[in-house]
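Welcome! Here is a short briefing to read alongside the sequence and the 3D view. Take your time and look for each feature as it comes up.

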Amino acid sequence: MKSLAELQKLRDEAKKKIELRDGSGDYRIVVGMATCGIAAGARPVLNALIEEAARGNYSCVIAQTGCIGMCTLEPIVEVFDKNGQKTTYVLVNPEKAIEIMKEHIGNGKIVEKYTVGTVKK
Amino acid sequence: MQDMAMYLLDIANNSIEAKALNIYIYLAELEREDRLILSVTDDGCGMDQATLEKVVNPFYTTRTTRKIGLGIAFFKALADACDGKFTIESEIGKGTFIKVDIRRSHLDTPPLGDIAETILTLIQASETIEYIFRYQNDQGEYIFDTRKVKEILDGVSICEPSILLWIKDYLNDGMNRNNGGKK
């Protein structure tokens, strides 16, 4: 059973973590969360990203947006690096999302096989 | 949409889009009365009468990325399919109220789905919006309020991943407790 006392503990841990962080992060991850994304399973994808972010030590911000405009390729996850360079991952599921998090955000390597350029070919 | 949680996420996103500061979500599973009720009330920008008449039309949307808007059309279709009633009320500058009240035992009534994950997703979408979620069933009611959580958080963002995951578990616990342990 989750208690409010536990929340206080998490708060204190989060405070320590935030002090160690510099700025808002190296990457910005954006998940499309409009009707098309939701129906295609974007919510579990976002959830997987949040869980992975809580598990590991990633320098990123996770955000949501509306319809990206390619509804048939949802769930879509966009990753922006520090220079504003965008990578678009399509037909993402929770497993792919965790892989993207580990490889792209963790190791700085783009997961080519899930990008829109590869999938749409 | 496969479950009620998906409808909720989609409908509440309209409230976020409408720049709401407070979003009230009410979900009731009433076995005795055989009703399933889901409503969202916000204090966003609201709509005028003309817009209100158009929103149930799948070919109406305010967005520019595509020409159709299915969210509210789907929600109304849910009420039509499940022996239910769809209500939408809105006033410019005041906010919007949207509700479906359907027959719980109807064959086409979808399962609840992961309500806690939907609320986590909504909170994550904008940390400045306050959510008041009220869940009711024959056994009683359970209320979750982000303002209470933020009081404890003392400045730490509610969007911190570890905090969000705690909220999800906390919500699941609360809703389950209300169900006498059965899910």
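In chain B, six strands line up as an open sheet in the order β3-β4-β2-β1-β5-β6, and their pairing is mixed. Keep in mind that this is a predicted model.

- Which strands stand at the edges? They are β3 (85–91) and β6 (140–145) of chain B; each has a single partner strand, so one side of each has no neighbour in the sheet.
- On average, neighbouring strands of this sheet are turned by 10° against each other, if direction is ignored.
- β1 (residues 22–30) and β2 (residues 35–42) of chain B form an antiparallel pair with eight bridges. One place to look is B:Ile23, whose bridge partner in β2(B) is B:Asp42.
- Helix α6 (residues 161–178) of chain B packs on the sheet, where it touches β5 (130–137) and β6 of chain B. The direction of α6(B) makes about 170° with that of β6(B).

**Around strand β4 of chain B**

- Strand β4 (residues 95–103) of chain B runs antiparallel to β2(B), and eight bridges join the two.
- β4(B) is also joined to β3(B), again in the antiparallel sense, by seven bridges.

**Chain B as a whole**

- How many helices and strands does chain B have? Its secondary structure comes to six helices and six strands.
- Following the sequence, you can trace the pattern α-β-β-α-α-β-β-α-β-β-α-α in chain B.
- The C-alpha atoms of chain B fill a box of roughly 45 × 40 × 25 Å along the principal axes.
- A compact globule of 183 residues would have a radius of gyration near 16 Å, and chain B agrees with this because its value is 16 Å.
- Among contacts in chain B with a separation of 6 or more, 64% are between residues 24 or more positions apart.

**Buried residues and the core**

- Of the 183 residues in chain B, 37% are buried.
- Is helix α4 (residues 115–125) of chain B mostly covered or mostly uncovered? It is mostly covered, with 11 of its 11 residues buried. Among them are B:Glu117, B:Ile119 and B:Gln124.
- The largest nonpolar core has 76 residues, and those that touch the most other members include B:Ile119, B:Tyr7 and A:Leu49.
- Helix α1 (residues 4–17) of chain B gives the most to this core, with eight residues.
- Leaving out residues up to four places away in sequence, A:Leu49 touches A:Ile29, A:Ile62, A:Ala97 and A:Met101.

**Where the two chains meet**

- 28 residues of chain A are in contact with 31 residues of chain B.
- On the chain A side, the elements that give two or more residues are α1 (4–20), α2 (35–40) and α3 (42–55). α1(A) gives the most, with nine residues.
- Sorted by class, this side of chain A has 15 nonpolar, six polar and seven charged residues.

Key:
Residues numbered from 1 in each chain as written. Chains lettered and ligands numbered in written order. Predicted model: local features only at pLDDT ≥ 70, side-chain atom pairs only at ≥ 80, totals over all residues. Contact = placed C-beta atoms within 7 Å. Helix = DSSP H or I, 4+ residues; strand = E, 2+ residues; numbered from the N terminus. Nonpolar A, V, L, I, M, F, W, Y, C, P; charged D, E, K, R; others polar. Buried ≥ 20, exposed ≤ 12 C-beta atoms within 10 Å, placed from the backbone. Rg over C-alpha atoms; globule rule 2.2 N^0.38 Å. Core = buried A, V, L, I, M, F, W, Y, C linked by C-beta atoms within 7 Å. Pairing = 2+ DSSP bridges. Axes fitted to C-alpha atoms, helices over the stretch in contact; angles between N-to-C directions.
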